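Please go through the model below with me. I would like to start with the aromatic rings, then take the pocket and the strands.

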Amino acid sequence: MSHPDSHSNPWRHDLPASVVVFLVALPLCLGIALASNAPLFSGIVAGIVGGVVVALLGGSEVSVSGPAAGLTVIVASSILAFGGNFQYFVAALALAGVLQFLLGLIKAGTLVDYVPTSVVRGMLAAIGIVIILKQIPHALGYDQDPSGEMAFVQSSDGLNTFEALLISFQTYSYSAVLISAVSVAILLLWDRPFIKKATWSTYIPGPLIVVLVGILINELLATLVPGTQLMAEDKHLVALPIAGSLAGVGNLFVRPDFSGLLADPVTGLRIAVTIALVATLETLLSLEAADKLDPLRRISRKNKELRAQGVANFASGLLGGLPLTAVIVRTSANVYAGGLTRRSAFVHGVLLALCALLIPGLLNRIPLASLAVILVFVGYKLASVKVFQAQWAHGRSQFVPFLVTILAIVFTDLLIGVLIGVVVGFLWVLRTLHQQAFSLVSINDNYLLRVNKDLNFLHKNELKQKLQTLPDGAKLLIDGQRATVIDIDIYDELIDFRKQASYRGIEVEFKNLHQQAPEFIQDQLAEALAPVATAPSR
């Protein structure tokens with residue numbers, strides 16, 4: 001990656017970068033709409049809005065926004081929750097944009113810091129796995145249930161993910177398999193070092209070649225072996241609406257129907273909140289990565305970016321688009337192609353608009369199998385073997401919540417899976433906090449109970465266990481020097497123990513415990529240390 005001079009003409013770097021980002025974004029916009037079980041034009045709309053609006057209002061110079069693979073599961077399940085009514089969904093998306101704008105106003109840019117990293121990584125890996133499992137049928141030419149529902153059990157046909165996969169292997173299309181096999185070979189070839197090192201490969205991304213070759217193969221099949229090609233009638237090809245005339249452009253956009261939110265406000269609010277939170281989380285994660293990629297090492301203004309994302313999602317909802325976030329795939333393409341400022345993101349959005357309006361007929365020749373292979377590779381990047389190895393290397397406290405989140409999402413749906421992952425992640429945190437809060441050492445009958453960390457009610461059990469091991473007649477010193485905060489529950493436990501200790505002949509002394517305690521607790525400690533009548537001898 002080059003480090004260009006910040007004082008040079010930025011257009012010299014931004015214009016070529018915008019073309020690269022456009023070429024990367026175009027097939028992904030279509031593919032993500034496909035994976036979301038949404039109209040394909042909605043992906044283009046989100047790409048245009050993400051490029052233009054966020055570039056004008058955002059808080060990052062190199063980040064590029066658009067529809068994100070991480071939201072496909074939510075979008076598909078949300079559309080299903082509205083009975084398949086996409087107009088209801090985009091109304092909820094507009095509401096999500098308002099909520100996200102408010103998150104920026106209340107400075108929620110630090111929100112990502114309060115979600116366990118292991119759960120976030122597990123969520124992204126699970127999304128990658130779900131995308132792979134759901135796109136394999138498209139790669140095999142089984143498109144009777146476009147994209148399918150993203151939950152494990154599909155309510156429309158009663159099949160779970162693996163049953164649907166089995167059917168797709170039994171009813172595959174030779175033409176789709178041929179296109180998919182060639183597409184896989186191209187993407188593997190584009191990842192080889194000798195291709196990646198070539199200067200021209202920066203300007204000709206692999207996904208674009210996959211799309212063009214897919215079109216070429218299908219057209220050759222139609223010419224050489226008529227009837228074997230993939231056809232739009234069988235739902236094997238992209239199906240973007242065509243305006244036909246300049247006056248008909250407005251009909252391409254789906255208008256939101258807010259009556260759906262009024263008819264079922266609970267569902268609408270749940271979907272809006274989910275989209276706002278997940279889109280915010282993914283944007284914040286992408287911004288962190290973007291700041292590390294930026295050759296000029298600029299720091300993104302996260303809250304300004306959230307407000308811009310909110311405006312963009314509101315606009316996307318009004319225009320019938322998909323939810324959008326800052327996307328690390330587009331951002332990295334922008335940076336490595338030499339993009340220096342937000343101009344490159346803006347121009348890429350304009351190019352998407354021109355493409356959708358001027359050449360929709362060419363886009364409608366793209367086989368869904370080609371887009372499916374591109375998405376399978378995107379999914380693998382989210383859930384690669386290296387991701388699992390890295391989490392394993394971090395230890396059980398990171399790997400267990402990571403793995404539980406993945407399994408929960410794959411076998412239920414995204415929302416339930418993430419909640420399960422968060423609960424497991426916090427349980428591990430509590431387990432860590434609970435351990436080794438006290439050290440108990442002894443010489444003969446003299447015991448020292450040392451506090452090792454700040455204490456709260458979670459440490460009551462460990463404290464009780466330590467105190468129960470003391471023999472009758474022992475002399476105990478409890479030292480709280482290492483704690484700056486001690487919960488009242490712990491003080492109550494110590495005071496109760498001191499009052500009972502005399503009945504076992506145990507002498508108790510407190511050290512460095514009074515300073516941290518509230519005044520009424522200090523009085524109770526002093527009272528507890530006062531002489532207590534010993535139990536009468538039997």
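Q: How many aromatic pairs does the count come to?

A: This is a predicted model, in which local features need pLDDT of at least 70 and side-chain atom pairs count only at pLDDT 80 or more, while totals for chains, interfaces and linings use all residues. Residues are numbered from 1 along each chain as its sequence is written, and side-chain values use heavy atoms, without hydrogens and water. Rings of Phe, Tyr and Trp (its six-membered ring) pair if their centres lie within 6.5 Å; planes under 30 degrees apart are stacked, over 60 edge-to-face and the rest tilted. By this rule the number of aromatic pairs is eight.

Q: How many residues apart in sequence are the parts that the pair of Phe-41 and Phe-253 ties together?

A: The two rings are 5.5 Å apart centre to centre with 70 degrees between the planes, an edge-to-face pair. Helices (H or I, at least four residues) and strands (E, at least two) are DSSP runs numbered from the N terminus. Phe-41 lies in helix H2 (residues 40-57) and Phe-253 in the loop between helix H9 (206-224) and helix H10 (259-263), so the parts tied together are apart in sequence by 212 residues.

Q: Is Phe-41 buried or exposed?

A: Buried means under 20% relative accessible area, exposed over 50%, and partly exposed in between (1.4 Å probe, protein chains only). Phe-253 has 27% and is partly exposed. Phe-41 has a relative accessible area of 6%, so Phe-41 is buried.

Q: What kind of pair do Tyr-172 and Tyr-174 form?

A: Tyr-172 is in the loop between helix H6 (161-170) and H7 and is partly exposed at 38%, whereas Tyr-174 is exposed at 65%. Their ring centres are 5.4 Å apart and the planes stand at 80 degrees, so the pair is edge-to-face.

Q: Which helix gives the most to the lining of the largest pocket?

A: On a 1 Å grid over the protein atoms alone, a pocket is an open set of points where a 1.4 Å probe fits, with protein on both sides within 12 Å along at least five of seven lines; lining residues have an atom within 4 Å of a point. The largest pocket is lined by 48 residues, with Ile-328, Val-329, Arg-330, Ser-332 and Lys-381 nearest its centre. Elements giving two or more residues include helix H1 (11-35), helix H13 (328-336) and helix H11 (265-293). With seven residues, the top contributor is H11.

Q: Which residue is the bridge partner of Tyr-447 in E5?

A: Two strands pair if DSSP finds at least two bridges between them. Strand E3 (residues 438-443) runs antiparallel to E4, joined by six bridges, but E4 and strand E5 (residues 475-479) pair in the parallel sense over five bridges. The partner of Tyr-447 in E5 is Leu-476.
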